[in-house]
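The exercises below are meant to be worked through with the sequence and the three-dimensional structure side by side. Try each task before reading the solution that follows.

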Amino acid sequence: MRFLVGFLRFWYDFIVGDAWEIAAGAVAVLGIGAGLLRTDGVDRAFIPLVVALGVGLVLAGSLLAEVRRRRRAER
Amino acid sequence: MHMTAATLGLAAATFLASAVEFVEAFTIVLAMGLTRSWRAALTGTASALLALTAVTAIAGVALIQWISESMLQLVIGTLLLLFGLQWLRTSILRAGGLLTLRDERAAFRAEQEASRLAGHQVHLGLDWTAFVISFKGVFLEGLEVAFIVITFGLSATRYNPHGLLVASGSAVLAGLLVVAVGVIARRPLSAVPENTMKYAVGLLLTSFGTFWAVEGLGYFGSGESLTWPGQDWAILGLVVGGLGVSRLAIAGLRRTSETSRAAG
């Protein structure tokens, strides 16, 4: 059991790291892209642009979250 | 071998990413070697390199044999995107003054201090603390290099049949260069502009990761890879867009840091 917990923790740290919102956000953005692909009437050329914009927003959101975390810690 | 711009980009990105990781691993091994035992530190390093070779070979073969092209693009693109965003985030926070810049000399002193405080256990005739810390340091830093080599190398095989060879060669070259410079200097490689390299690599990994992950989304549609407007030129657009967004973020964070310092 201890080995399994250690194994899972290792892969969590390796892939997710110290900013879980990056991993969650990136997967959510790709999920939205996959959803759009399966939606009728959506132009396929539009999907890469949505994902690229989403990735930028995920990064910006994570940076803002870090600024807020630090402000709270300073108070 | 015909060297195209894409191949040179692949070689440069893999070389930079590997060099950053090898510098960090070198600091750990050097601290263990100088403080405790060179024999244990080097045995730990060699064992980690063997384990990494096995993991890389198994993961590489598994990815090629069992996964369709679009699924492969989705898996490797997503992994690159996650690594790239983490690296980019860290380097933006450092450049913006919210995180302290990584200092190899400080990391070296911390490793030395920790190794002095650790007990003295001997297994298989080796100083076990030096062996385990060297093994973990090289394996963990090397695993990231292995993933980057596999993902970049396999993806580049579309443009260049020797993509995996170029990626592996670049990583080996970076490793040899770091070790050679480190052996000559016999001290942590603090002069390496590690944070700038991490920023550049983060930008490249994020751009290539976004590109391949989107192509891989085709797995959920017809099964064929999705194409970007402008095809491969879109990578350049992603790099330029990422550069613009990150410079804006750094400027904004610097203003925030200065305001906080002035208020504090």
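**Exercise 1. Determine how the end-to-end reach of H3(B) compares with the expected span, and how many of its residues are buried.**

Solution. H3(B) has 27 residues and reaches 37 Å from its first C-alpha to its last, which is close to the 39 Å expected at 1.5 Å a residue. The expected span of a helix is 1.5 Å times one less than its number of residues, and helices (H or I, at least four residues) and strands (E, at least two) are DSSP runs, numbered from the N terminus. For the second part, a residue is buried if 20 or more other C-beta atoms lie within 10 Å of its own, exposed if 12 or fewer, and partly exposed in between, with C-beta atoms placed from the backbone. By this criterion 23 of the 27 residues of H3(B) are buried, and the helix is mostly covered. Just after H3(B), B:Gly97 takes a positive phi of about 85 degrees.

A note on the model belongs here. This is a predicted model, in which local features need pLDDT of at least 70 and side-chain atom pairs count only at pLDDT 80 or more, while totals for chains, interfaces and linings use all residues. Residues are numbered from 1 along each chain as its sequence is written, and chains are lettered from A and ligands numbered from 1 in the order in which they are written.

**Exercise 2. Describe the side of chain B that touches chain A, giving its elements and its residue classes.**

Solution. Begin with the count: 28 residues of chain B are in contact with 28 residues of chain A, where two residues are in contact if their C-beta atoms, placed from the backbone, lie within 7 Å. Next, the elements of chain B that give two or more residues to this side are helix H3 (69-95), helix H7 (194-216) and helix H8 (233-263). The largest share, 9 residues, comes from H3(B). Finally, the residues of this side divide into 20 nonpolar, 7 polar and 1 charged; Ala, Val, Leu, Ile, Met, Phe, Trp, Tyr, Cys and Pro count as nonpolar, Asp, Glu, Lys and Arg as charged, and the others, Gly among them, as polar.

**Exercise 3. Find what the buried residues of H2(A) pack against.**

Solution. First list the buried residues of H2(A), which are A:Ile22, A:Ala23, A:Gly25, A:Ala26, A:Val29, A:Leu30 and A:Gly33. These buried residues pack against H1 and H3 of chain A, together with H3 and H7 of chain B. As for geometry, the 18 residues of H2(A) should span 26 Å at 1.5 Å a residue, and its end C-alpha atoms are 26 Å apart, which agrees.

**Exercise 4. Decide whether chain A is a compact globule or more spread out than one.**

Solution. The C-alpha trace of chain A spans about 50 × 40 × 15 Å along its principal axes, and buried residues make up 25% of its 75 residues.

Now apply the rule to chain B, which has 8 helices and 2 strands. With 264 residues, a compact globule would have a radius of gyration near 18 Å, and the 20 Å of chain B agrees with this. Buried residues make up 47% of the 264 residues in chain B.

**Exercise 5. Classify B:Ala25 and B:Thr227 as buried, partly exposed or exposed.**

Solution. B:Ala25 lies in helix H1 (residues 5-35) of chain B and is buried, with 23 other C-beta atoms within 10 Å. Leaving aside its neighbours within four places in sequence, B:Ala25 is in contact with B:Gly137, B:Val138, B:Glu141 and B:Gly142. B:Thr227, by contrast, is found in the loop between H7 and H8 of chain B, and with 15 C-beta neighbours inside 10 Å it counts as partly exposed.

How values were computed. Rg over C-alpha atoms; globule rule 2.2 N^0.38 Å.
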